[in-house]
Amino acid sequence: MGFFNRKGKTVNTDTESVTSKASRTTSVLQSPPPTKTMNGSSPFTSPSFINIPLPPPPDPSIDPAAYLRSIHAVRERSRLVHEKAKRDQLNHFDVDLSKFEETAAYVVSIIKRDYAPEYHTIPPHGRWQHFEVGGRPRIDQLLTSWPSKIDPQERTRRLIDLFLVSVLLDAGAGTRWSYKSKESGKTYRRSEGLAVASLEMFKAGYFSSDPTEPYQVNAAGLNRLSQGQLAIGLQVSDANPVAGLEGRAGLLSRLAEALENPEYFGSSQRPGNMLDYLLTHPSTQASSVTVITIPTLWNVLTEGLATIWPETRTQIAGVPLGDAWPCTSMPSQPNTQPWESIVPFHKLTQWLCYSLMAPMTRLMNIQFAGVDLLTGLPEYRNGGLFIDTGLITLKPTDAKRGLDAYKHNAAVKGQPCMEVVPLFTAEDDVVVEWRALTVGFLDDLLLEVNRLLKLGGPDKLSLAQMLEAGSWKGGRELAEVSRPNTKQPPIMILSDGTVF
């Protein structure tokens, strides 16, 4: 219980004592140095905001479901919980704002350790970096393995195929699962392990229905992929269990159905065909540089993939909302409408946005307008950072309830039973409040990190860069130091493989 009683605790922001200790616990935490693109230029530059008109969000008074599925709603709805947090008026967490500067200083120490003074080389948060675990440029190696007759557009389609499936498989793997690369013989865990596993499955044709065209994902290929085959591809066994295997298999099965939509995914029913839809969309500007708006990309992912989310998710007027949940901390008045109690996060959809932009930008120099609409990812690494630094602390009643749930879950064969932390399901009000806090505090953190780094104007870090180099990595490293045996976050989430 001492871990959740952090009043007065000081976070040591000395790089040698904190960040180096975390680094010694793992060999895969630090992002690899920037690789070179096919033409030899660096792919990582600080983003410049493109100022073109963007469509407004849907009007919630007219279509609340459309509004709650929009990217605009994530920050707007989370902000209401965040404002309560700054007044320390939450239902499940106590907030100690005196820890905010220490949290920011710790994140800055991580960023300086890995990137100073070349902050412009920090890549935006995305799946590409996970494929490069261990410093091996696997995606560049994949690209060079294809014949030169494969044009940039088809290369981009193939990477979109790969990245989309890999992101959908990227829910938390659990503390016991690992993957041994068939190519290098090295073993990887968690997100990096799932990235390498999905890449090797992609190359082996697991997701393609055509043995002569293994480097693609199509509906027919996903339809023939059974849960057992997925388990084989991920090297799952009784001794090597992955969390949410059934949920992951179900997600891919429903993806196969979604890909049958020719408007977004073409007659060949591939995720990569969304590129053609985006390039020809009326909102896309094609002059010297092609510019796609984030709302257009978001619409493809939310409308095109709407059917992949479990039907048990929150609904408004019969419309499933995906990763959106009721939250008791939302303001309530006598005339409050049902939709107003809901906070949307759309974590996997945002993770897809961040990840799919990379191949389009790096291979075709496509730029994106409205990137600042995307939020920090509300998941347990970013959220765990704020707990492990003492900025937020679970209230005693909820801590006891979560610890009781952990004890009950630990009695199940194969479940974690050491380094006890509170456990909740994804829909629990504790988790929903925690995620809303995470979105709000990440926005605050970006401002403070740029201030401490003395970066302004075009040199400022973007939110995606801070997620990559600071908050996500910092949250993981603190977990490694605080719980070295399991490396799990300070709150464990019982996941079905479709949220985290």
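Here is a short tour of the model, one selection at a time.

Before you click anything, note that this is a predicted model, where local features need pLDDT of at least 70, side-chain atom pairs count only at pLDDT 80 or more, and totals for chains, interfaces and linings use all residues. Residues are numbered from 1 along each chain as its sequence is written, and side-chain values use heavy atoms, with hydrogens and water left out.

**Whole chain**

Start with the protein chain in cartoon view: its secondary structure comes to 19 helices and 13 strands. Helices (H or I, at least four residues) and strands (E, at least two) are DSSP runs, numbered from the N terminus. Of the 500 residues in the chain, 57% are buried. Buried here is under 20% relative accessible area, exposed is over 50%, and partly exposed lies in between (1.4 Å probe, protein chains only). Among contacts (heavy atoms within 4.5 Å) with a separation of 6 or more, 74% are between residues 24 or more positions apart.

**Stop one: Pro-359**

Now select Pro-359, which sits in helix H15 (residues 347-364). Is Pro-359 buried or exposed? It counts as buried because its relative accessible area is 0%. Show what touches Pro-359, skipping neighbours within four places in sequence, and you get Trp-128, Thr-156, Leu-159, Phe-163 and Met-364. Arg-157 is 202 residues away along the chain, yet its C-alpha atom is 8.8 Å from that of Pro-359.

The axes are lines fitted to C-alpha atoms, for helices over the stretch in contact, and angles run from 0 to 180 degrees between N-to-C directions.

Which residues of H7 and H15 make the contact? On the H7 side, pick out Thr-156, Leu-159 and Phe-163, among others; on the H15 side, the residues include Trp-351, Leu-352, Pro-359 and Met-360. The contact residues divide into 15 nonpolar, 3 polar and 1 charged. Ala, Val, Leu, Ile, Met, Phe, Trp, Tyr, Cys and Pro count as nonpolar, Asp, Glu, Lys and Arg as charged, and the others, Gly among them, as polar.

**Stop three: H7 against H11**

Keep H7 on screen and bring in helix H11 (residues 245-258): the two axes come within 10 Å and cross at roughly 140 degrees. That makes H7 oblique to H11. Here Leu-164, Val-165 and Leu-168 of H7 meet Leu-251, Leu-252 and Leu-255 of H11. This contact has 6 nonpolar residues, no polar and no charged.

Jump to helix H14 (residues 294-304), which is mostly covered, with 9 of its 11 residues buried. The buried ones include Ile-294, Trp-298 and Gly-304.

Then select Cys-327, buried with a relative accessible area of 4%, and Cys-353, buried at 0%. How many disulfides does the structure hold? There are 0, taking a disulfide as a pair of cysteine sulfur atoms within 2.5 Å.

**Last stop: Ser-482**

Finish on Ser-482, in helix H19 (residues 463-482). Ser-482 is partly exposed because its relative accessible area is 32%.

Notes
Parallel < 35°, antiparallel > 145°, perpendicular 65-115°, else oblique.
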